[in-house]
Each structure stands twice: as C-alpha cells, then as structure tokens.
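Here are some notes from my pass through the model, for you to hold against your own reading. Have the sheet in view as you go.

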Amino acid sequence: MRHGRAATAIAIAMGLALFVLQRPEGWLDAAGAIERSSTRHVVLVGLDAADWLAIDPLVAAGKLPTLSRLKALGRTGVMVSTPPLISPMIWTTIATGLEPENHGITDFMIDLPGGRQAPVGSRQRLAPAIWNLFSAAGRRVGIVGWWATWPAEQVRGTIVSDALAPQLSRQVRRVDAGLVYPPAAMDRLARAVVRADALTREDLAAYLAPGDGESDQSRTLAGIVAATRTYGRIAEDLARTERPDLLAVYLEVIDSVSHVSVRVRGGKQAIDRAYEDADAVLGQLARASEPDSLVFVCSDHGFYPPTAAIREDPANLSGPATAWHRPYGIVGVATAAALATGESSATFARADVGLITPLDIAPTLLHAAGVAVSSEMPGRIVTALLPAEIAARPPVRAAAPKFVPPSTDGLVRADADDTRQRLQALGYIGATGSSLGRQNLAESLFRRGKDAAAERELRTVIGAQPQNVAAQLWLAQVLARTGRAGEALVAYERAIALPDGARDALVEATELAVANKDVARAQRMIALVPVDEAFVHVARGAIAEAQRAFAIAEREYRTALDREPTSFEASARLFDVLSREGRGRDALNAIEHAVQLAPDAPRLLALAGDARLAAGDPAGAERALRRALALVPDADAVRVALGRALIAGHKTGEALEELGRAAPTPDRDVLLGAAYSSTRDWSHVVVHLQRALSAGRATPDVLNGLGWAQMQLGQRREAAESFERSIAAKPDQPEIRRLLKELGR
Ligand SMILES: [Zn+2]
C-alpha cells in the first residue's frame, strides 16, 4: 500500500461533481488498529425538534412505545445547542463533529449569481462527514434524508439525499441526477417512495386542525408526512438488506408539524401524531437492525410549548420562526434489542448522562463503531452513553483525511424554487432575496464568545445590509463586552433608529449609557422612541433608578407591566427596586400574574422562585425553580437558587444534591457551607466557606459560619481569627464577642 498523500478522486453521480479525500499517513492505520471485536453497528436517528418536554407526558400516557423503552432502558441526556437553531447547520455539526465556521453549512439556502437561490447541499460542506470517515475506514454506510446531502456523494454504501422525497413524493416530479448514490440503486429505492398525493384525507386529518383541508399548509404537511414514510421505509430496507456499519436517517416531521400547529386550537393532537410517527419509524429500524446494534437518537433542538411567552409567530411567512426552537433537545442510546423488544441488558443499564452538545455525537459514534475520531473534532467521546466494554477502550484520535469539497459548477437542484416556498411556508426563511448564512455564522460566533471573528462577520453583514437590526445589536454587545462602550453606544443608536430596532435595543442601550455615567445620552435615546410601550417604560425606569428616584422607577415598571404583563425585564426590575427597600414581596403579585399567563417561561419562573423565597415561601420557590430547571437544565444560577430554597425549606440532602451538580461559584460555596452546617459536617463547612472567602466573600455571615465550624473542629486560634475579622467588618455583634471571650481573646 502506498503511504503519504495518496489522493483518491472520485466522480459522483454521473460525473456532475467531484470530491477528493486525501489520506494523510496515520489516520487509516489508527482506524485499522481498533479491535473489531469490541465495535458495534451504529444507527443514528435524527428527530428534528424532538423535546423531552413533549415526550415525557406522551410516554406516561403509553403513547410512544419505542421512546419509552429508550427512556426506561437506555442512556439518555439533554442536547444543548448554541443558537442560531438552524436545522441544516446543527445537523451538519452533528454529522461532522465540527463548528459551523469549519463545516461551512450555515443556512437553508445559498445565493447564486444572478440573484437566484438554491437549497444548501453537499458541495457547500467544507469537511468530511461521518459517512466519509466510515467509508475511508473501509466501513459501509446507509445515509437517508440527511440535511445538505444533495448531490449524493460517493461512499462505501448508499446515500439517499434530502432531495429525494421532495422530488419524488410530490405531484410534480422533477428528478435530478445525484438523488442517490449509487445511481444504480435508484430504481429499487424509488419503489419505497410514498407519494404525497396518494395520502388520503384520513391519513392527513390527524395532522390538521379541523377545517384546514385544502390550504397550502395541508399540501406542505402532506409532503412532510410522505417524506417521513418514504425515508422510514428506505432506512428499514437498508437495515435489512445492506446491514451497514453506520445507518443514519433524518426525520423532519416533529419540527414541521410543531411549527404549523403549536398555536392552533387542536394543534396538540397533530404534534402528538408527529411524535407517534417518529416513534414508529424508530421501532421499525430497531427491529430491522442487528440486536446488539447501538441506536443513537437525537434532536438538534427542542420546541417551546405554547405557554412559554414566545412572541414570534411560529409560522410567520417572513419571520424568525426559529424563535420557537428551544436550545434543549434529546439524546439517547440503547441497543436495538432493547428498543425492539423491551429486553433489558445486564451490561448496559439505564442512566442519565446529563448535558451533551451536537459536537459530541460524531466522536462518540465513531468511537462506538471503532473508527478513529478526527483530532480536529472539538467534542467529547461521551463514554457514559456507551456500553462498558466500548467506553473502556482507549480512544483513537488521528488527523482526518483531507476533504476537498466538489467544485461549484452552477448545478442547481431542480426543485430549488419549490424548496424555497416550502421553507417560507414553515417560517424558516424570510422573503428577502439573500441567504442568511453570514448572519447565522456571526450569531453562532458571537454566542460562543469568539469576539474577534464575530465582530469581523458582523461588520461584513452590516456592510451589506445596514438595516439588519440583529447584526447591529450583536455588534453593540461584542463592542460592550470587549470594553468599547463608546463604540457600542453608537451601534445601539443605529439599531434604535431602524424599524423595530428599539424594541430589542433600547433597554440594553439605556443600561450601558447609565453604567457609563451618561444619563443625558440615555435620555436622548429614549426620546427617539415616542411610543407608549413596555420597553420604553422599562428604559425610563432604569434611568430613574440610576438617579435614585426609586418611586418613579417603581411606577415606570408597573406601567410597563400594564402594557405587557409577561415582560421579564419589567418584573425583574420591579422586584429588584422593591427588594432594595425591603419590599420584595410587594412585587410578588405582578410576578405571579406573569407566571400565570406564561407558565413555561423559564426566566419568569426563576424570578418567581426568588420572589417566593423572599416572601417566606420556600416550598413555592422550590416548585417554580424546579420547573424553570426542567426548561433550562444547564442554568446553574437557577440550580443554585433552588439549593437556597431547599436549605430554607430544611431539605438539606436535596440541597446538597442540587448544589453538587452546579459549577463552582462563590454563591454555591456559601450555600454549601450553610447546608453542611446543618448536617454538622464541619470540615466541609470550612472547605467551602474558605473558598468563598478567598473569592472575596468576606461578609460577617461567612466569617461567623467559618469561625463556628473551626471552633467545632477544635481549631481555636483560626476560629478566633475568623470572628475577629467579622467584628472588624461589623462591630455590633455581641454574640460573636461572647464567643471570642470564650476562646480567650
Ligand atoms: Zn431543527
């Protein structure tokens, strides 16, 4: 075998496009070094927008047999995704194990010369996907319906691109080359296609609100239902006939049906039905696969319930329907046998594996299958998701084979315009003529704290689209957090001047101006927005607070809540301003009202937790905070607040458990000190309070708690020093002086 830069150039699909995989020395050797005996076939089922919030009640009602086995017998966790929650971008992150700036798929559409657009495809990808890596390692793949896979690349195995169902299942058939690889498989695969126009009214009735028989939406839904059945049948067929080492299938149905139904009367039934369809496909695949195959199930994000106070229209023809995407999806792994029959395994017991990111799937799956993990992949191999013998195998990392995307030759999908209309009908893309790829990438960089790269992208976006409010706002935030407040204020002022910009920018801008001691400027910005809306009153309140006019601030925040009763900004600030005067419980009514109107808005729930605790209701605080955490499972600040509520409710064991799961912060250390005090575990009290102390929390309470614990441990000199520091900070503490006397000081 020839080593070194052996390049393999492969013509795909009738020579229409090319990609090149170069194998650097080492990667194949690394892949080949893994014992085949400890590897498994893997099945990856992508369920767009699947969410435990929706699954759990359906499982409890006995409606999702396969997902309930996954929950009962598998390893499960929460998928935490970084916005923007754009499906092709995240599904490509999952398939490549790389960040968007490195895999290149950042939007639904790409711009073509001459102002047209086309759906994003495999030729826009900049890096190898798992199917390329499996193929290069000599393993077989079956890939079905995955985002951005047209034209189908040459692999060892089969790719059924995401253009297949739209082109073959609709009334108007427009058939491209490159729909599947190998092209010879087309005739066989085409027999599995379910035509949208072959679906009966009864077939579709379950997905539609009453009286919605002939709308555009019903045609869109028919296409999605047909695609789900088509891809399900094809994947099952591949599982039975080709037994690929990697079988991956993507289903869009939960996401699409959620968008069109979430706010519609009777919509819940349609969404439930979409979950049942996905569950059925998962069950079919489990039964068709070898029993010890590992089945990975994941979603790219979840979906907010209708009660989460999301303002955007979920099916807005021109708008950001992705506002409904919750950044928490699902992950689970179980054996095919467990999913097919409910048979439990002694060696692979159920466990909760916590939080996982889209970057972790590719490395974990490659490791499970015994294929080397590219060293370029920043994600983890999540061993907690895997059976013990695979988890114990040392990971093999090696540089990935070099991937050269096929050259662009002006080839456009035949259904490009239909695809645009379909995505518009679902609210994914707006009516603008240009792709949002750069804006999406800029947002992703911004949210991951990559400030320099984000700023560069944002300035490019703004250069091309000076009216882009979101880009101006993120630029302002990047400038503010990199210490350039003056420039940030200029960017905020530009955003405020744009149509609809003030709603998003004004409060932040006012806060920054006030923090910058420029109240006059804050007032000028507010004067630019002469409307009687909640956000304007919040901004006025912020200025009043800065001028210590607390009664005026209170009045402004209450007016804001009259205008918009679920405003988090207004309720949170009202609570703060009243708490300052020891009147926190006076804000409780307003906050409870907001929570009643939006019972699944996590920020309002967290605020209600704080407010109830301040009002002496630890049990009520616990309820609100537990619900908030169910909605935002990675919010450590909420977890710490829950710990505080549990301590106040004398539930020390539970408090220690929750606090133990939060990342270390001084607040957490103070609370752990308090919790351990009540269990009389004095050495732990000392450890945590000393840590809080060295982080600058030298309050009398912390010093007294520390001194008391040191006294119990017989550390008399240290105890006396702690009490003396406390007295120095707050002289009027007779009890502490008495203890000091006891210690002989
Ligand atoms: Zn999605």
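1. A term to settle before the strands: two strands count as paired if DSSP finds at least two bridges between them. Strands E7 (residues 141–144) and E8 (residues 157–160) are joined by 4 bridges and run parallel. Within that pair, Ile 143 sits opposite Ile 159 of E8. Bear in mind that this is a predicted model.

2. On the sheet as a whole: it is open, has 9 strands with mixed pairing, and reads E9-E8-E7-E10-E3-E11-E14-E4-E15. Its edges are E9 (180–181) and E15 (351–356), each pairing on one side only. Helix H3 (residues 65–73) packs on the sheet and touches E4 (75–80), E11 (294–298) and E14 (328–335). The direction of H3 makes about 80° with that of E14.

3. E14 deserves a look. E4 pairs with it in the antiparallel sense over 6 bridges, and E11 is joined to it, also antiparallel, by 5 bridges. Val 333 in E14 has Arg 75 opposite it and Phe 296 opposite it as well.

4. Is E14 enclosed or open to the outside? 8 of its 8 residues are buried, so E14 is largely enclosed by the rest of the structure. Tyr 328, Ile 330, Gly 332 and Ala 334 point one way, Gly 329, Val 331, Val 333 and Thr 335 the other.

5. Leaving aside residues up to four places away in sequence, Leu 506 touches Ile 496, Met 525, Ile 526, Val 529, Phe 535, Val 536 and Ala 539.

Key:
Residues are numbered from 1 along each chain as its sequence is written. This is a predicted model: local features need pLDDT of at least 70, side-chain atom pairs count only at pLDDT 80 or more; totals for chains, interfaces and linings use all residues. Two residues are in contact if their C-beta atoms, placed from the backbone, lie within 7 Å. Helices (H or I, at least four residues) and strands (E, at least two) are DSSP runs, numbered from the N terminus. Axes are lines fitted to C-alpha atoms, for helices over the stretch in contact, and angles run from 0 to 180 degrees between N-to-C directions. A residue is buried if 20 or more other C-beta atoms lie within 10 Å of its own, exposed if 12 or fewer, and partly exposed in between; C-beta atoms are placed from the backbone.
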